[in-house]
Amino acid sequence: MNKPLRRVAIFCGLLMLALLVRNNWIQYAQADKLRTDEKNRRVAIERYASPRGDIIVDGEPITGHKATGGDFAYKRTYKDGAMWAPVTGYVSQAFGANQLESIEDGILTGNDDRLFFRNTLDMLTGKNKQGGNVVTTLSSAAQKAAYNGLKKQGGKGSVVALEPSTGKILALASYPSYDPSTIAGNSLETDAKAWEKLQKKNNPDDPMLNRALREVYPPGSTFKVVTAAAALEHGMVEDADQKTDTPLPYIMKGTTTELKNDGDLPCKDASLREALRVSCNTVFGKLGTDLGNDKMLETAEKFGFGQEHFTPVRTSASLFDKDMEPSQVALSSIGQYNTAATPLQMAMVAAAVANNGTLMKPYMVDELQTPSLDTVEKTDPEKLSEPLSPENAQILQSMMETVVNDGTGGNAKIDGVTVGGKTGTAQHGENNSKNPYAWFISYAKTGDGGAPVAVAVVIEDENAVRGDISGGGLAAPIAKSVMEAVLKSKQ
């Protein structure tokens, strides 16, 4: 063979070798990656080839499925979709999935490795593949009371209810909301149009925002519960009825600015109980300043501020600033300045107080099941922290109960039930120009001393008359209805 032909032959041989190497690399080394690539249409076809498992509340499914007759054989349906959207999220053939539908996708589709034995058995017996179930901790009665309360109010807002002793989420409502069924398919004519209408750029109400877990608000006077806890835990105050050293007017340290109360309130040297009852900014602002940034931050973090929580849906982190000036600490200690909290976070504050100082990790998935209802995984309650000693928690309980019995939280009273709470009206916007947020946090106790429910409600009503906005007026009645629903369901 002459030299030019030999070079061509060697070159062609190298090309063949490269082709073989590349072919084997794709078929073996990259097989799993290509097989599961989201752009591989076969993946989507297989995902929707069988009915999806259900999300369960109180033993009943709040989801379903519907045959489509297309390549994607089944699509997801939802019962009372708008009410449950903050819990379920959505699963769409066109737009993917989020929240529980995404996090527990493996169980719901039947593709989770823990269902391998079940799937193998079904294959051998000729049964069609089925998805497993996600059993939630939610209470349908509490969720209905929360959602209907928000809907009746008409503004934006959210409600979170917890079981203090375990951390179980009993209600998780956000309003305005959306029906995930409207975007479950892949039709460009219907689903795509519905999707566009739900996007914030086209809908300022932002109905797909999970306000309960992902929106942070200035907590206003509800944060005074945290400041009171810090004062008790750090020995600044030892008794709820002990007078504080609080001048009136109170000039914030390092400034010439007066920290004002909301009206002519009896706040001069007021006791901690009286200050919480009438919501004295001066008392709690001065307490926060006297405690200092580090101690206030320490207590806030014990309540869960500064960290994301996984329920298993990820929450936004609530905020209490570091390295603040004394005047900024004063404002932060009454829930203003940069202090910000999710409704879940403030429900955690109320729950920790109600649970005698122990804060449990919040969660909404009780167990994962196989299609035959066998348990795959069970969630055990887990202690998150101890923001308060039992003794100080009981002092704070008595103070919050005074707020409901004789103070600003009277609209949350329930006959024959001990209720503790705290109202809040949080200013926001440039120079506090926007309508304030109305807050209420609370808990209810039964005759045996247990606290089966703690609630946080926040209302943002841009159309209300500014002077009519208060936590006691707008938010407390919703909290009351949720607590009543939980108490009734446990009878």
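This is a predicted model: local features need pLDDT of at least 70, side-chain atom pairs count only at pLDDT 80 or more; totals for chains, interfaces and linings use all residues.
**Exercise 1. Which residue does a disulfide join to C267, and at what S to S distance?**

Residues are numbered from 1 along each chain as its sequence is written, and side-chain values use heavy atoms, with hydrogens and water left out.

*Solution.* Start from the criterion, a pair of cysteine sulfur atoms within 2.5 Å, which gives a count of 1 disulfide. The partner of C267 is C280, with an S to S distance of 2.0 Å. Next take the torsion about the S-S bond, which is about -85°, so the disulfide is left-handed. Then place the two cysteines: C267 is in the loop between β11 (258-259) and α12 (272-278), and C280 is in the loop between α12 and α13 (281-291), 13 residues apart. Helices (H or I, at least four residues) and strands (E, at least two) are here DSSP runs, numbered from the N terminus. Finally, both C267 and C280 are buried, where buried means under 20% relative accessible area, exposed over 50% and partly exposed in between (1.4 Å probe, protein chains only).

**Exercise 2. Classify the ring pair of Y217 and W439, and then that of F223 and F320.**

*Solution.* Rings of Phe, Tyr and Trp (its six-membered ring) pair if their centres lie within 6.5 Å, and planes under 30 degrees apart count as stacked, over 60 as edge-to-face and the rest as tilted. By this rule there are 7 aromatic pairs. For Y217 and W439, the centres are 6.1 Å apart and the planes stand at 85°, so the pair is edge-to-face. Because Y217 lies in the loop between α10 (211-214) and α11 (224-233) and W439 in strand β17 (residues 434-445), the pair ties together parts that are 222 residues apart in sequence. Y217 is buried at a relative accessible area of 1%, and W439 is buried at 0%.

F223 and F320, by contrast, are stacked, at 5.5 Å centre to centre with 10° between the planes. F223 is in the loop between α10 and α11, whereas F320 is in the loop between α14 (293-302) and α15 (326-332), 97 residues apart. With relative accessibilities of 0% for F223 and 5% for F320, each counts as buried.
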